Amino acid sequence: MSDALSDDGSVNQDDSQEDVMTPAELIAKLEEAWLNEKFSPELQENKSEVVECVMEQLTHMEENLQRVKKGDAKASIHRMEIDRIRFVLSSYLRSRLQKLRKFFPHVLEKEKSRGEGDPSLLSPEEFAFAKEYYANTETYLKAVALKRMPPNLQTVDMLKAVPEPCLDSFVFLRVKERQENILVEPETDDQREYVVDLEEGSQHLMRYRTIAPLVSTGAVQLI
Amino acid sequence: MFCEKAMELIRELQRSNEGQLPAFNEDGLRQVLQEMESLYEQNQTDVNEAKSDGRSELIPSIKLRHCCLLRNQRCLTAYLYDRLLRIRALRWEYGSVLPANVRFHMCAEEVQWFSQYKKSLASFMRSLGGGEGLDITQDMKPPKSLYIQVRCLKDHGELEIDDGTVILLKKNSQHFLPRWKCEQLIRQGVLEHVMS
Amino acid sequence: MDTQSYLPVKPGVGMEENFLSLDDILLSHERLPIRTECSFPRLGFLEKSSDSHDIPEGTKMELPLWLSKGLYEKKRRVLSVELPKVYREGWRTVFNADPNVVDLHKMGPYYYGLGSQMLHFDSPENPEIAQTLLQTFIGRFRRNMDSSQNAYNEDTSALVERLDCLEKALFSSGQSGLNSFQSWEKGRASQLTASSLVLNYRKRKINDLQP
């Protein structure tokens, strides 16, 4: 997907100590994040630096395209490439937004209880959206019904009312870095817990809960 | 039995398939709230009697009424919340302006909620990528080609495409247009994507 | 699926209920046979067969699940809940013999949901009830999955009429998977389509016009 990008060297314009990423690596990162987000039941950590870089790259490609003559066959290939990258990016942001709206009280709670140095679950714009969504919904429920109810019934605990993501759902995954001794919980009363090794390149169907930490470190890829 | 009115509201939504929005049932809502008020008053009376005259045998009835109050609260909240989910989906289907026949089914507070939601969504999209902005209500399906064949299902007037060309979208006319220009119009049922 | 369309709040899993789920609210409206273990003063009007002022202790009546659950206490006996017939031993034997012959729509339609909810009431038969629920589900699952994966472009009403609500939901998710696969195979997955809501509203408009 990244051939059309390679006319530009690296994405990182300022030559600081940060890792320099090629456009191909950047798009691979986006695809990784996209698939993980699409297939995991809960919201993943935000990748706003990837989003920003991809958007920069898209603008850059658009500009390049302006310079190409009309009717050039190369132009339509580039145009297609831009469209495809924009689709992946939009789809990625949409699935995050969908989870934000579905689990908003829990997402905000998790963000609140996050430790000082922990990475933030939400990008600043997502955080703003979630907060507004919470307030808007609460205001609405109050105005239409709750404030017209008897005094002891005028609040609903949104954390209890809105269901949590189901971490026990099953996901398909491919192993990128070999893992040893992954503890698998028993499925039925007559089973015992057991450990498995996950070989690099192998594919599995497992409960999300079991491998959630491996998704965020990038050791496994949801597929 | 208590809470029958509240159940009616729930059934009404369940009967409206595929996320359609039935008319806001203000009357039903009011009746449930009335029932809650009278349950509450009855309980106040019984609680006072139980306290002052030591009539603890009233407690089971108080508890029963309280269960009914909670049930009514749950049903109303679920009714309103489910409607929000339906209204929210409309933003993606219709774009930011809802057709009159849908708006007609919403109560004033729902209209308000919706316009606030639209605002939040818009400022979210505007601030993406460090303020550059990206409309994520577009590009709903992976692109397979730049141009697609479309047929007009109704008269829509003029449409301007990138290079400045203006095209008249007349009922039953067919065009070969850039895909991203058509997406929204197809979702709204103005154009139809013709597959070869 | 990359959909932004309407997705209702899902029902809870197992013994859980989701507060905002319409399905769970409907399920918890199912009526259970109960016996009052104390009197309920000033609520006699709830019991239609009598015209007394109170509901006396020892009255047999039916209450919805939500109310039975709300009133039920392990320590202080306010009411005792009887098992609905389908969960009693007689029917359990039938289910265990061949789960595929029973019409769970008629006997339910919340056979699994209500059965799981019954576990909230400390019946000595709870382990057997849970076991029967699980075995019945397993016993019927294969046929349900097969039929949802093979019925393409045909009337499925006969296939689903004897299914419980949970099974119906599984059947339709199987169907939607099958349909997406078929449309992908035909190269139609990339076709842009009008939203189902738009189509529905248009259909309704046409119906409105007809006298």
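Let's start with residues 52-128 of chain B, whose end C-alpha atoms lie 63 Å apart. This span is 81% helix and 0% strand, where helices (H or I, at least four residues) and strands (E, at least two) are DSSP runs numbered from the N terminus. UniProt, in an unreviewed entry, places the feature "domain: GINS subunit" at residues 52-128 of chain B; UniProt positions follow the numbering used here, feature names are shortened, and annotations may be inferred rather than shown by experiment.

Keep in mind that this is a predicted model, in which local features need pLDDT of at least 70, side-chain atom pairs count only at pLDDT 80 or more, and totals for chains, interfaces and linings use all residues. Residues are numbered from 1 along each chain as its sequence is written, while chains are lettered from A and ligands numbered from 1 in the order in which they are written.

## The overall form of chain B

Chain B has six helices and five strands, and from the N terminus on they run α-α-α-α-α-β-β-β-β-α-β. With a radius of gyration of 26 Å, well over the 16 Å that the globule rule gives for 196 residues, chain B is more spread out than a compact globule. Here the radius is taken over C-alpha atoms, and the rule is 2.2 Å times the number of residues to the power 0.38. Along the principal axes, the C-alpha atoms of chain B fill a box of roughly 85 × 40 × 25 Å.

The domain assignment of chain B gives domain 1 (4-130) and domain 2 (147-194), with bounds that come from an automatic or database assignment. The C-alpha centres of these two domains of chain B lie 40 Å apart.

## Where chain B meets chain C

How many residues does each chain bring to the contact between chain B and chain C? Chain B gives 41 residues and chain C gives 37 residues, with contact meaning C-beta atoms, placed from the backbone, within 7 Å.

On the chain B side, helix 1 (4-15), helix 3 (59-94) and helix 6 (179-187) each supply at least two residues. Helix 3 of chain B gives the most, with 18 residues. The residues on this side of chain B divide into 20 nonpolar, nine polar and 12 charged. In this count, Ala, Val, Leu, Ile, Met, Phe, Trp, Tyr, Cys and Pro are nonpolar, Asp, Glu, Lys and Arg are charged, and the others, Gly among them, are polar.

Definitions and conventions: Two residues are in contact if their C-beta atoms, placed from the backbone, lie within 7 Å.
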